[in-house]
Amino acid sequence: MAKERIGILESAFDPIHQGHISMAQAAMDQFQLSHMLFIPVGNDAYKTCIASGEDRWKMVVSACTQDVRLVPSRIALDQPGPAYTADTLLTLKKEHPKAELYYLLGADGVMKLHKWHRLPEVFPLCTFLIYPRAGEYSPREFNAEKKRLTEMGARMRMIPVNPITVSSTEIRSQLSLGQPAPFLYSPVREFCTLRGLYGSVPRLDPETTSVWLDKLFSALNPKRFTHSVSVAGTARRLARIHDINPDQSEEGGLLHDCAKCLPMKQMQRIAREHSLTDDPEILSSNGLLHSLVGAWVARNMYGMADPEVLDAISFHNTGRPGMSRLSMCVCLADYMEPTRDSYPLMENVRILSELSLERALLMSLEGTASYVRSRGKYLHPRTQETIDWLKTLPGVRSSR
Ligand SMILES: [Fe+2]
Ligand SMILES: [Fe+2]
């Protein structure tokens with residue numbers, strides 16, 4: 001049986017960007033790697049990291065949700081004291097004794113390899129996969145150094161891709177200037193802004209937000225956390241377009257799924273103990289129950305006291321007749337945030353959302369209703385009631 005081939009991308013990830021992701025994907029494709037470990041280094045090893053290890057970790061976890069082959073690892077972050085690559089590789093070799101390890105390194109990294117601690121120990125443990133990256137050296141110097149290291153026992157293969165033209169330094173500068181950062185995965189960008197990282201200006205109270213982000217990160221799975229951060233940003237953007245309070249909208253977006261990953265039994269207990277609903281259909285469905293319980297959790301465990309935001313959380317999945325425009329923002333952002341897979345109806349909703357919240361929400365709810373019905377599943381009557389109500393609104397009626 002062929003040996004498992006595991007890739008390793010160890011970096012500060014300060015912050016992680018799409019250059020890291022595309023390079024990892026190119027290496028996995030070219031060298032038939034089963035997966036790529038994304039290993040953020042601890043602050044001890046890289047004294048120059050700007051964001052904390054935990055913030056960099058959250059961003060890496062979010063960015064890795066883009067491809068199941070990307071696997072975040074805390075192996076260096078959790079190592080007491082400075083984590084050297086030799087230690088990381090030795091640990092991985094123990095965990096996967098039969099696997100072949102492939103260590104991704106930029107061409108500029110090759111020129112710095114001679115500075116590594118315990119370099120001779122590293123050579124037999126892995127093959128270096130070198131990706132092209134510009135640096136202050138000539139091709140001749142690079143080739144000479146590569147030859148010298150190979151003679152010392154290093155195994156090196158070049159990844160045949162175009163050079164990466166993005167760096168974390170460049171991205172940090174874009175963030176500090178409030179410019180678009182196209183090489184950042186959009187939820188990572190939202191996270192940076194929510195946390196006020198790299199000179200970006202936080203829009204909500206940074207202390208409260210940082211407590212919420214920590215809680216959400218531990219309460220939700222990586223995809224749900226990433227989705228929540230993305231809904232927050234989308235809800236804020238919609239609120240700005242439609243002249244709704246952007247802070248309330250962003251708060252609702254961030255917290256809307258705070259109960260989504262609770263075990264059903266716990267959600268049912270909360271619902272019963274606090275008389276949130278006695279509807280058996282809601283009590284037996286995670287999809288329906290998590291919004292009602294979410295509002296309770298947001299109020300009691302996240303300190304959210306704003307009734308309008310709580311209402312938006314309560315009905316983010318079904319909507320409700322008479323719902324506020326703030327609730328519409330959260331509901332719509334939940335449906336169309338950018339990490340959701342695209343399909344024709346979704347694109348139409350995204351376009352329409354810039355023109356009319358009501359019409360876009362109607363289109364999305366009708367889409368959901370027909371999807372649910374086509375699969376023979378239960379559609380909560382409140383969704384249909386919301387659809388019927390939206391159709392009576394003046395701006396919607398005149399456009400149909
Ligand atoms: Fe939800
Ligand atoms: Fe959601």
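Arg 118 is partly exposed, with a relative accessible area of 33% (buried means under 20% relative accessible area, exposed over 50%, and partly exposed in between, with a 1.4 Å probe and protein chains only). The model is predicted: local features need pLDDT of at least 70 and side-chain atom pairs count only at pLDDT 80 or more, while totals for chains, interfaces and linings use all residues. Residues are numbered from 1 along each chain as its sequence is written, chains are lettered from A and ligands numbered from 1 in the order in which they are written, and side-chain values use heavy atoms, with hydrogens and water left out.

**Arg 118**

- Arg 118 sits in the loop between α4 (107-112) and α5 (119-122); helices (H or I, at least four residues) and strands (E, at least two) are DSSP runs, numbered from the N terminus.
- Beyond its neighbours within four places in sequence, Arg 118 is in contact with Tyr 84, Ala 86, Asp 87 and Leu 90 (contact means heavy atoms within 4.5 Å).
- With the side chain of Asp 87, the side chain of Arg 118 makes a polar contact of 3.0 Å.
- The side chain of Arg 118 also makes a polar contact with the side chain of Glu 121, at 2.8 Å.
- A polar contact is a pair of N or O atoms within 3.5 Å; within protein, one must be able to donate a hydrogen and the other to accept it, and residues adjacent in sequence count only if both atoms are side-chain atoms.
- Between the C-alpha atoms of Arg 118 and Glu 385 there are 68 Å, and the two residues are 267 residues apart along the chain.

**The parallel sheet**

- An open sheet is formed by 6 strands in the order β3-β2-β1-β4-β5-β6, with parallel pairing (two strands pair if DSSP finds at least two bridges between them).
- Its edge strands are β3 (70-72) and β6 (155-158), each of which pairs on one side only.
- On average, neighbouring strands of this sheet are turned by 30° against each other, direction ignored; axes are lines fitted to C-alpha atoms, for helices over the stretch in contact, and angles run from 0 to 180 degrees between N-to-C directions.
- Strand β1 (residues 5-11) pairs with strand β4 (residues 100-106) in the parallel sense over 4 bridges.
- Opposite Ile 8 stands Tyr 103 in β4, and Gly 7 has Tyr 102 as its bridge partner in β4.
- Strands β1 and β2 run parallel and are joined by 6 bridges; the bridge partner of Ile 6 in β2 is His 35.
- Strand β1 is largely enclosed by the rest of the structure, because 6 of its 7 residues are buried.
- Helix α1 (residues 18-31) lies across β1, β2 (35-40), β3, β4, β5 (127-131) and β6, and runs at about 145° to β2.

- Pro 72 belongs to strand β3 and is partly exposed, with a relative accessible area of 27%.
- Not counting residues up to four places away in sequence, Pro 72 touches Phe 38, Trp 57, Val 60, Val 61 and Cys 64.
- Gln 248 lies in helix α11 and is buried, with a relative accessible area of 14%.
- Not counting residues up to four places away in sequence, Gln 248 touches Asp 306, Glu 308, Val 309 and Leu 326.

- Donors are N, O and S atoms within 2.8 Å of the metal (3.2 Å for Na, K and Ca); water is not among the atoms, so sites may look incomplete.
- The protein donors of the iron ion (ligand 2) are His 227 (NE2), His 256 (NE2), Asp 257 (OD) and Asp 334 (OD), at 2.2 Å from it.
- Asp 257 bridges the two iron ions, ligand 2 and ligand 1, which lie 3.4 Å apart.
- Both His 256 and Asp 334 are buried.
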